[in-house]
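Biologist: I would like to go through this model and ask what the words used for it rest on. Please show it first.

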Amino acid sequence: MLNTTLIITLFLLSLNVSAYEYRVGIMEYPPHAVLKKGVPEGRVVDYIQAMITSQGHQVHLFSSPIKRALTQLEAGNLDILLPIEASTKGVSTFTKPLFKLVPGLCFKKQNFLPFLSATHRFKGMRIGHTDGIDIAKTLNDSGAKLIPLKGKFALERGMKMLGAARYDAFYHPNPIFLYHKNNPISKTIACSYFHGLSSNTYVAVSPRLSNKNRDFLEGAFNEMMEKESYLNFFNEL
Amino acid sequence: MKTLKFIPLFLIIMTVDVSWSDSRYNYISESDTETKQLLNEMSKMFKAAQVVIFKNLPVINATTSNKENLFGDNYMKQVEATYQAKFKESFPKMDHLFKKQLVASMVEVMDENRTLISDTDIKFKGLIPATYASQLSHKFSNLGLGIKIKFTAAPDLLRNQFNAPDTWEVNTISKFQEKDWVKNTAYFDASAKLYGKPAFRYMTPLYHSNMCLGCHGAAADNVLNKNKPEAEWTTIDIAGFPMEGQLLGELGGGISISILKKGYLTFKEK
């Protein structure tokens, strides 16, 4: 009887059914992830938690400035870190991006221009942008009057000024997360995109994570993205 | 007691970590013929998706919000049906990662345009076959799979600088313009280069159909001139570009697909 119990116990213990706690680093990346009293919140957090917990595992969230977070990832103190822009050097990521960044212009709906490749139409337009931001070359060279907006919350203020017709358009680094059905501003403003200027954001993976865990996480991520892309998940707010 | 003797062996068996391999892939090389077939199918999938956009222009531009046929599985059903009708063959089997990802990208591009498509205030949304093709190309090419798709044209016909052809593409378009080039024949190059690295390259010519002439044709084709007297016609199209005056059936550009050989030659999805 004792032998049978021991064998059954050993057998059960050997099965990989125990919940694993994944250490997930979250970068502050508004509006996707923000820190509230040091705790990361936002749709990116909800998405990654849903992905891991739906597989029966647990999530331990961490947040710190980018340099420290990357060091922690490298040292294996974090299993994954997100969102990470494609320009971040020296990190290994899942193949599929979490979401893409595409800069664009936002207009009052009555002045909407759907084709930003027709850059000759920008000539003489007053286009606002947050000060210090990289502006697409195609816009810089277009003959538009580019007006930098300084100070805090420049993007939010810029949108209000656009609504008040102080600008003909406002340059946004990623308007897809502004112009969506659940944002009331989309009732009066519409945005179009410089599609050729897209770049991706990714989930970075620790080089110290075992192949098995890495493949598990990437498989879960791909499965989640197939069921519902992060973009759709974000827009469901 | 007898059973206990086997416990150490049992423990060893259970703790051996089976060496990891990615079961999604067969580690074999693809032949030129298989690659050409794959690229041919992908080009046709791309074209079919463009046609679906054209057919749905009234729906896309309608100022109503219920347009579920343009998204997800409903959208792909339309692409599959269009593919079958246009090419008189079944929609390709999803037996290759690239084809699967192309389909996923098609759906994602529509999702990314959902807010605009559903906007009940904007009458002309600007989602036309050409802009869809451009968006799809950029999206798919940024997946990091070592494969690029470009919707491109000869430099004198190019409208979007982000779709500018490279030297190989310029030369291939020139081939398409030669008198003895058999119309609708794609060009496959198994020993080409992309960014200086060995690559398979494939380009299929695109000839202007009615869906293109509204912008690329003559003033008479311009949708902005509809129901207007000829004296008021404009040769600036709805996108704000001067119309090129091209004719039905004339070469407009091509779909260029390139696969870097490094990486590609080491896997093929089962």
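Modeller: A residue is buried if 20 or more other C-beta atoms lie within 10 Å of its own. Keep in mind that this is a predicted model.

Biologist: Why is strand S8 of chain A called largely enclosed?

Modeller: The strand covers residues 104-108 of chain A, and 4 of its 5 residues are buried, so S8(A) is largely enclosed by the rest of the structure.

Biologist: What makes S8(A) and strand S11 of chain A a pair?

Modeller: Two strands pair if there are at least two bridges between them. S8(A) and S11(A), residues 169-172, have 3 bridges, in the antiparallel sense, so they meet that cut-off. In this pairing A:Gly104 is opposite A:His172.

Biologist: How many bridges join S8(A) to strand S12 of chain A?

Modeller: There are 5 bridges between S8(A) and S12(A), residues 189-193, and the two strands run antiparallel. Here A:Gly104 is opposite A:Tyr193.

Biologist: Why does A:Phe94 count as buried?

Modeller: The cut-off is 20 or more. A:Phe94 has 20 C-beta neighbours inside 10 Å, so A:Phe94 counts as buried. A:Phe94 belongs to the loop between strands S6 and S7 of chain A.

Biologist: Which residues does A:Phe94 touch, leaving out those up to four places away in sequence?

Modeller: They are A:Tyr202, A:Val203, A:Val205, A:Glu218 and A:Phe221.

Biologist: How many residues does each chain give to the contact between chain A and chain B?

Modeller: Chain A gives 32 residues and chain B gives 32 residues. On the chain B side, the largest share, 4 residues, comes from H7(B).

Key. Residues numbered from 1 in each chain as written. Chains lettered and ligands numbered in written order. Predicted model: local features only at pLDDT ≥ 70, side-chain atom pairs only at ≥ 80, totals over all residues. Contact = placed C-beta atoms within 7 Å. Buried ≥ 20, exposed ≤ 12 C-beta atoms within 10 Å, placed from the backbone.
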